[in-house]
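Subject: Structure handover

Hello,

Please find the structure below. My notes on what was found in it follow.

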Amino acid sequence: MDWAGWALFGLLATAVLTGLMIAAQLGGLSRLDLPLILGTVVTPDPDRARAAGGVMHLAVGQVFALGYTAAFALLGQATWWLGGLLGLLHGAVALTVLVPMLVGVHPRMASERAGPASTSVLEPPGLLALNYGTQTPLVTLAAHLAYGMSLGLLLGVR
Amino acid sequence: MRPPIEDYGLLGDTRTAALVDSDGSVDWLCIPHFDGLPVFGRLVGGAAAGSFRLGPRHPAEVVARGYRTDTATLETTWRTDTGRLTLTEGMVAEVAGQLLPATMLVRRLTAPDGPVEAVIAFDPRFGERRRAPRTEHRSQLLVCVWGTVAVALRTTPTAAVQPGRPTTVTVTPDRPFTCVMSVAHREPLVCLDTDTAWDALQGDEARWQAWCRDIDDALPYRQAVVRSLLTLRLLTYSPSGAPVAAPTTSLPEVLGGVRNWDYRFAWPRDASIGIDAFLGAGKHDEARAFMAWLVSATRLDRPRIPVLLTLHGKHPRPERELAGWPGYADSTPVRSGNAAAGQHQLDGYGWVLDAAWRMGEAGYPLYAETWRTMAGFADRVADRWREPDAGIWEVRSDTVHHVHSKLMAWLALDRALSIATHHRTSARRTSRWRAERAALREDIERRGFDEARGTYTRSYGSSETDAALLVLPQLGFHPADSPRVRGTIAAVVSELGAGSPLLYRYPSGRDGLPGVEGAFLPCSFWLVQALARGGRAGEADTLFRDLLALAGPLGLYAEEMDPATREYLGNYPQALTHAALVQAAVALRAEGAGHVTDPRGAVPVAEDAP
């Protein structure tokens with residue numbers, strides 16, 4: 001295991017992923033805002049939530065990077081295309097499992113079954129996070145592809 | 001024979017809604033959401049589009065019909081040859097945290113006087129093609145399946161129900177007939193017994209009653225206001241907080257005509273008006289939820305405010321006509337989607353910024369992100385107010401310089417400047433807003449006011465007026481009792497009057513479409529507000545009472561009314577009309593007018609009572 005590479009490149013890859021997601025928001029492609037979603041677990045103020053969520057997102061990215069680094073070590077090679085494949089898998093799991101699971105655990109996220117008593121104001125992501133815009137699945141897959149390729153490339157070079 | 005629109009009652013769960021007529025027939029229900037596909041579509045799709053009737057076997061007179069007090073549960077009682085038969089029905093709104101279907105319709109027949117023969121006719125058809133389901137009987141359950149959508153029906157006592165075939169049942173005093181319809185969409189069916197479903201409905205009733213208790217006791221005509229607020233809440237899609245303009249598509253604005261639009265979308269304008277209505281009635285959580293929806297839903301389009309959005313803030317699919325759908329009263333086409341989504345409507349910015357300002361006035365300062373959003377909207381107004389727009393009425397002919405739109409643009413900048421005093425905003429930006437606001441005023445006064453007639457006009461250079469101008473007293477553009485405001489109100493009443501208390505929204509037939517539409521009910525409630533704010537509270541109160549007398553038998557309002565026959569027209573029930581009713585009541589309260597009634601009973605309370 002390349003621990004130093006994991007520590008540094010995990011951070012870099014997460015920054016790339018976050019940057020792409022923010023660019024997609026600014027470009028009007030998606031309303032999926034992971035720092036906001038994560039941060040509103042601890043505060044309702046969107047600006048404070050983004051700050052807290054940004055840190056949380058980096059930490060989560062680092063945890064996932066550990067999985068990537070371990071996978072590269074097991075396979076005996078770290079390449080951009082292998083990272084890309086893992087990234088696509090990661091993105092698909094995020095869209096179909098992780099993001100929909102938030103509805104069950106997030107204190108401020110409504111569910112598709114929300115009724116009048118619901119005080120949750122964050123809308124649920126829906127199938128493949130499509131509630132946040134029809135381009136959201138593509139944006140998410142692309143961002144995770146870039147995340148995996150960055151890790152594979154950087155760890156491979158090292 | 002088709003029931004009149006006002007005959008329909010609204011059953012809802014804040015995710016979707018059904019319309020049921022006084023014969024006990026559910027003629028409209030889209031699943032799984034308001035903007036989903038109809039499973040009962042007879043309202044505009046003919047008999048082939050499906051319905052679900054539960055009622056007396058033979059024709060019988062309706063002797064009582066209404067909502068249980070402060071609930072969304074509807075009761076209809078018929079007198080039959082063998083005694084009374086009562087249908088109690090509703091949808092269950094609060095299903096979170098319980099193993100209940102997300103969509104469930106509960107209906108119970110009781111016969112207190114003796115055995116009564118009733119009929120159940122369950123005929124679900126799905127989607128545009130009105131497809132019959134694949135059906136199967138599982139124990140006591142009838143299951144209808146269309147791919148990933150399933151509908152289950154259970155009855156107690158068990159009846160051998162076959163889709164499309166009426167089944168006769170006998171209801172006795174000690175043996176009510178209860179049925180529950182559950183819907184599953186991309187998930188397993190939750191098969192409930194009818195007792196559990198009935199308990200869930202009663203739990204919902206208690207929650208709605210508690211919800212209504214929070215409504216300001218001092219509001220005049222409180223019962224009507226409560227029904228309107230409850231209707232507004234039923235038309236709010238809880239998962240995202242989106243306000244649905246109406247649960248229907250293509251109920252005609254002219255019987256037999258082509259003015260048939262799909263209203264199963266959310267208009268930011270309506271959310272803003274809803275914020276004002278809920279704040280005025282003391283329901284602040286609902287107002288805050290609308291603001292949260294506005295900020296979230298407009299995110300992909302900032303700094304543009306889209307005219308309308310889907311329930312999850314997406315752009316609707318292109319408008320199209322449903323082939324073979326006969327429409328209500330032969331009014332074709334039946335449309336899905338709304339082409340107004342592509343229009344530029346300047347007035348929307350004024351409504352939204354006004355709502356943000358009202359939130360601040362009510363003690364809810366804007367988050368920094370919300371302010372950035374609002375400031376972006378104000379910049380957009382400053383950039384584009386010189387362009388023509390489609391206006392509030394979404395007329396599909398050429399764009400023009402609507403005076404109402406310009407006034408709302410002025411309001412947007414005015415409210416932005418007011419909010420900016422509490423938020424960090426660059427001096428350059430506020431200077432620009434101030435300069436554009438002044439330029440707007442000058443432009444409106446110079447090009448939008450008819451000196452000879454003493455009224456603001458429909459558009460620059462026009463000789464017509466526009467009932468949307470009735471919002472003028474609310475804007476602070478001029479004092480509410482100023483000659484220009486009074487002159488405009490007088491011109492609207494005299495030129496657009498459709499027989500008191502009704503008003504057309506613009507001169508008849510001046511929208512490029514064939515036929516003459518009905519009177520536009522929200523405008524009459526805006527007139528109540530205008531009169532109240534202009535110091536004419538007595539007239540406002542009289543007008544308001546006249547309008548309450550025009551409510552449907554269940555206290556619901558459509559968008560329009562035929563001035564001659566007093567039949568409802570347009571999509572129903574209409575959120576904008578109900579929001580305008582609440583705003584009018586709030587305006588009457590502010591002026592000390594209106595008839596205050598005991599909120600928990602029918603006993604009138606004198607306004608000076610201790």
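**Chain B overall**

Of the 610 residues in chain B, 56% are buried. Please keep in mind that this is a predicted model. The secondary structure of chain B consists of 14 helices and 24 strands. A box of roughly 75 × 55 × 45 Å, taken along the principal axes, holds the C-alpha atoms of the chain. For 610 residues, a compact globule would have a radius of gyration near 25 Å, and the 24 Å of chain B agrees with that. Of the contacts in chain B between residues at least 6 apart in sequence, 67% join residues at least 24 apart.

**Two domains in chain B**

Chain B is split into domain 1 (5–204) and domain 2 (218–590). Over C-alpha atoms, their centres are 35 Å apart. Domain 1 of chain B puts 23 residues into the contact and domain 2 of chain B puts in 33. On the domain 1 side, strand E1 (9–12), helix H1 (42–45) and strand E6 (61–67) of chain B each supply at least two residues. That side of domain 1 divides into ten nonpolar, seven polar and six charged residues.

UniProt, in an unreviewed entry, lists residues 3–127 of chain B as "domain: Trehalase-like N-terminal". This span is 3% helix and 51% strand, with its end C-alpha atoms 22 Å apart. An unreviewed UniProt entry also gives "domain: GH15-like" for residues 221–585 of chain B. Here the content is 45% helix and 5% strand, and the end C-alpha atoms lie 7 Å apart.

For chain A, the UniProt annotation "transmembrane region" (unreviewed entry) covers residues 55–75, 82–103 and 138–157. Residues 55–75 of chain A are 100% helix and 0% strand, with 30 Å between the end C-alpha atoms. Residues 138–157 of chain A are likewise 100% helix and 0% strand, and their end C-alpha atoms are 28 Å apart.

The contact between the chains takes 22 residues from chain A and 27 residues from chain B. Helix H2 (194–213), helix H5 (284–297) and helix H7 (368–384) of chain B each supply at least two residues of the chain B side. H5(B) gives the most to that side, with four residues. By type, the residues of chain B that touch chain A are eleven nonpolar, seven polar and nine charged.

H8(B) has 18 residues, which at 1.5 Å a residue should span 26 Å; the end C-alpha atoms are 26 Å apart, in agreement. The helix is mostly covered, since 16 of its 18 residues are buried. Ile419(B) lies in this helix, which runs over residues 403–420 of chain B. Ile419(B) counts as buried because it has 23 C-beta neighbours inside 10 Å, where 20 or more are required. Leaving aside neighbours within four places in sequence, Ile419(B) is in contact with Ala356(B), Trp357(B), Gly360(B), Leu366(B), Trp371(B) and Met374(B). Pro473(B) is 54 residues from Ile419(B) along the chain, and their C-alpha atoms are separated by 20 Å.

Gly348(B) sits in helix H6 (residues 347–361) of chain B. With 28 C-beta neighbours inside 10 Å, Gly348(B) is also counted as buried. Residues up to four places away in sequence aside, Gly348(B) touches Pro268(B), Arg269(B), Ile305(B) and Val307(B).

**Backbone details to check**

Arg130(B) is not a glycine, yet has a positive phi of about 55°. Arg130(B) is found in the loop between strand E10 (116–123) and strand E11 (134–138) of chain B, and is buried, with 21 other C-beta atoms within 10 Å. Tyr221(B), also not a glycine, has a positive phi of about 50°. Tyr221(B) lies in the loop between H2 and helix H3 (222–234) of chain B, and counts as buried with 22 C-beta neighbours inside 10 Å.

Regards

Terms used. Residues numbered from 1 in each chain as written. Chains lettered and ligands numbered in written order. Predicted model: local features only at pLDDT ≥ 70, side-chain atom pairs only at ≥ 80, totals over all residues. Rg over C-alpha atoms; globule rule 2.2 N^0.38 Å. Buried ≥ 20, exposed ≤ 12 C-beta atoms within 10 Å, placed from the backbone. Contact = placed C-beta atoms within 7 Å. Nonpolar A, V, L, I, M, F, W, Y, C, P; charged D, E, K, R; others polar. UniProt positions renumbered as here; feature names shortened; annotations may be inferred. Domains from an automatic or database assignment. Expected span 1.5 Å × (residues − 1).
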